[in-house]
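Hello,

Here is the structure for your files. My notes follow below it.

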Amino acid sequence: NSLRSLETWEGMAVGKNKRLTKSKKGAKGKKIIDPFKSKQKYEIRSPSYFPVRNVGNTIASKTTGNKIASENLKNRVVPVCLADLKNDEEQGYRIMSLRVEHVQERRALTNFYGFRLTTDKLRSLVRKWQTLIEANVDVKTTDGYTMRVFVIGFTSKRNNQAKKTYYAQASQVRQIRKKMNDVVREHITRTDLKGAVDKFILNTIEAQIEKVTRSVYPLQNVYVRKVKMLKTPKFDLNKLMDVHGDTTAPIKAAEDVGTKAEEEEPAEPVVGDN
């Protein structure tokens, strides 16, 4: 009985799926177009306060009609790891955001547009028996850039502490948060964008926060975890070129076309004596 039912099932299955044998109509006339045929490659240039200037390449559609390729590139935000910008693997937990502000020939000139810590770095800082303290403040640099700075820190054990936990009281958290905001305002409002980026990279703000909050409660693992750009001043090409100090238009090498060969006059045939 089982063998007979199997033969019946196979007879029903064979030839019943019409989709496998049905040919597609109109498939022969379809053209395969390469999507990258209408694209151009641009070199992304980082500001001069980063050691590595060539960040990478990006593509954009070629200029067609009213659609200009450079306009398509402007305001494009490129995330770049700080380890690649400084050739320092220890800075791999910081992701810098660079925004394209001007296109020069085949170069996209960028400027600082914020940064953040990687997710795995933040997750590694969170532990038991401690208090997490966060603060954020809006600050404006001397050259007109308004940004929101987020700071994170964790309480640590006092000297000669025997207690297992080291939690801070709510009043102490408020005091520490206020001191964090004051330190960020003091450092950022007195400098321009380049100076602010240097302070973020060199951990100047974090060291100052640990120092001023020690009287309230000692902190550890203090980081500026995120910087968000809120407002930028009116675009000034001269200021951008100052930021990209050594960026100039690429000089094309002279093409070797050779020299024109001189045409030799045909020699007269020599007539022999008869």
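What covers the buried residues of helix 6? The cover includes strand 6 (132-140), strand 7 (146-155), helix 7 (193-201), helix 8 (204-212) and strand 8 (219-231). Helices (H or I, at least four residues) and strands (E, at least two) are DSSP runs, numbered from the N terminus. Buried means under 20% relative accessible area with a 1.4 Å probe, protein chains only, and contact means heavy atoms within 4.5 Å.

This is a predicted model, in which local features need pLDDT of at least 70 and side-chain atom pairs count only at pLDDT 80 or more, while totals for chains, interfaces and linings use all residues. Residues are numbered from 1 along each chain as its sequence is written, and side-chain values use heavy atoms, with hydrogens and water left out.

The buried residues of helix 6 are Gln172, Val173, Ile176, Met180, Asn181, Val183, Val184, His187 and Ile188.

Helix 6 and helix 8 pack at about 140°, with axes 10 Å apart; axes are lines fitted to C-alpha atoms over the stretch in contact, and angles run from 0 to 180 degrees between N-to-C directions. The two helices are therefore oblique to each other, a class left over once angles under 35 degrees (roughly parallel), over 145 (roughly antiparallel) and 65 to 115 (roughly perpendicular) are taken out. On the helix 6 side, the contact is made by Lys179, Met180, Val183, Val184, His187 and Ile188; helix 8 contributes Thr204, Ile205, Gln208, Ile209 and Val212.

Val184 is also among the residues that Val149 touches, as are Phe200 and Val224, not counting residues up to four places away in sequence.

Regards

Technical notes. Buried means under 20% relative accessible area, exposed over 50%, partly exposed in between (1.4 Å probe, protein chains only).
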